[in-house]
Amino acid sequence: MKNNTSIKFDIVKSPTTKITSVDFENLTFGATFTDHMMICDYENGAWKTPEVKPYGPIELDPSAKVFHYAQAVFEGMKAFKDDHDKIWLFRPEDNFNRINISSKRMAIPEFPAEYFFPALEALLKLDQAWIKKGFGNALYLRPFVIATEPGVGASPSTKYKFMIICSPVKGYYDGEVRVKFSDKFSRAADGGVGFAKAAGNYGAQFYPTALANDEGYQQIVWTDAESHEYLEEAGTMNIFFRINDTLVTAPTSDRILDGITRKSLIALAGDFSIPVEVRRVSVAEIINAAKDGTLKEIFGSGTAAVITPIQGFGFKGEKYELPVLTDSYATFLKDKLMKIQYNLAEDKFGWRYEVK
Ligand code: COI
């Protein structure tokens, strides 16, 4: 990522701020937004000049294709502030590359890096007071693209908006998380869009998740569409299992998101000589491991959730509880990862990027 200041873009500063009305100690994830946003239109085959301007509603025609055909993709990133008021991003190029991978799959034109990074940095500088210091505080950044061309003809839009909005956050989940291993619903199928952060992937999760909520689970673990025998992702997160002292996680594929936290944890685990196996994990293997006591931990990983330990799971009416450990990999790896994100530890992988 480069500090590229040669690109011209428009900045309109908000005359007022909402910040004084925000209770930063009691934030609901993704419910509060900063004073500014970034917006950039695509039309006539080109992205126009990006604008950073006061946060507010946008006007769309009711027939805009995003409403009818879900031509929309997004990213999740975070900005952190260290004790010296420096602002850091974590592996931002990976988010940028992934939104364009997602866009390509959804027939959305790719967004130029020379617009994305300077506009994001300008936005972060304007809203820097919203990034609170302290382990666990962050500014969640939501870049997204929507198809804005009016018309319900089922064809790709010729007009789009690329936007970035920012939300101060603390944790994603409050309290304990128990998951239901799905024996019916899948998140994605081969040849589909599971690898993309396509908005519809997430909307399609709400109904099965609500059914699992009714049974007392917080999330679903998606199984493969063909056999429902293999565990793929947990809710909006990638998933890791610790069997004895080895971490196991499913390989990325057409169906599984190439999570940035996921791959960071695999690298960190390797660095601390924690054995990791990237391979398919079956429901039967995990149930057997739970029964014979070799299943030590399950945790989800993602930008929003960082690492979320899972206390128990259910499958076909049977419930299983996980042990409470004093040497949890989830706790250990979360601490190592967050110390890199908050500039509290050496960044030997070169993941951190300072916004200057
Ligand atoms: C993220 O971790 O950024 C996600 O994509 C989760 C989001 C759907 C809340």
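Me: What makes β16 and strand β17 (residues 306-310) a pair, and in which sense do they run?

Reply: There are 5 bridges joining β16 to β17, and the two run antiparallel. Two strands pair if DSSP finds at least two bridges between them, so 5 bridges pass that test. One spot to look at is Ser301, which stands opposite Ile307 in β17. A hairpin of 3 residues takes the chain from β16 to β17.

Me: How do you know all this, and what kind of model is it?

Reply: It's a predicted model, where local features need pLDDT of at least 70 and side-chain atom pairs count only at pLDDT 80 or more, while totals for chains, interfaces and linings use all residues. Residues are numbered from 1 along each chain as its sequence is written, and side-chain values use heavy atoms, leaving out hydrogens and water.

Me: What makes something a helix or a strand here, and how many of each are there?

Reply: Both are DSSP runs numbered from the N terminus: helices are H or I with at least four residues, strands are E with at least two. By that rule the protein has 8 helices and 20 strands.

Me: Why is strand β16 (residues 295-302) called largely enclosed?

Reply: Buried means under 20% relative accessible area, exposed means over 50%, and partly exposed is in between (1.4 Å probe, protein chains only). In β16, 7 of the 8 residues are buried, so the rest of the structure largely encloses it. Strand β13 (residues 237-243) also pairs with β16, antiparallel over 6 bridges. Arg242 has Glu297 in β16 as its bridge partner.

Me: Is Val306 buried or exposed, and what stands out about its phi?

Reply: Buried, because its relative accessible area is 10% and the limit is under 20%. Val306 is in strand β17, and its phi is near 55°, a positive value in a residue other than glycine.

Me: What about His228: buried or exposed?

Reply: Its relative accessible area is 18%, which is under 20%, so His228 is called buried. You'll find His228 in the loop between β11 (219-223) and β12 (231-234). Phi is positive here, at about 55°, although His228 is not a glycine.

Me: Which residues does Lys125 touch, leaving aside its neighbours within four places in sequence?

Reply: Val355 and Lys356, where contact means heavy atoms within 4.5 Å. Lys125 and Val355 are 230 residues apart in sequence, yet their C-alpha atoms are 8.0 Å apart in space.

Me: Which way do the side chains of strand β20 (residues 352-355) point?

Reply: Arg352 and Glu354 point one way, Tyr353 and Val355 the other, and all are buried. That's the regular pattern, because side chains in a regular strand alternate between the two faces of the sheet. Strand β7 (residues 87-90) runs antiparallel to β20, joined by 4 bridges. Trp88 has Glu354 as its bridge partner in β20.

Me: How do you know whether the radius of gyration agrees with a compact globule?

Reply: The radius is taken over C-alpha atoms, and the globule rule is 2.2 Å times the number of residues to the power 0.38. For 356 residues that comes out near 21 Å, and the protein has 21 Å, so the two agree. Buried residues make up 51% of the 356.
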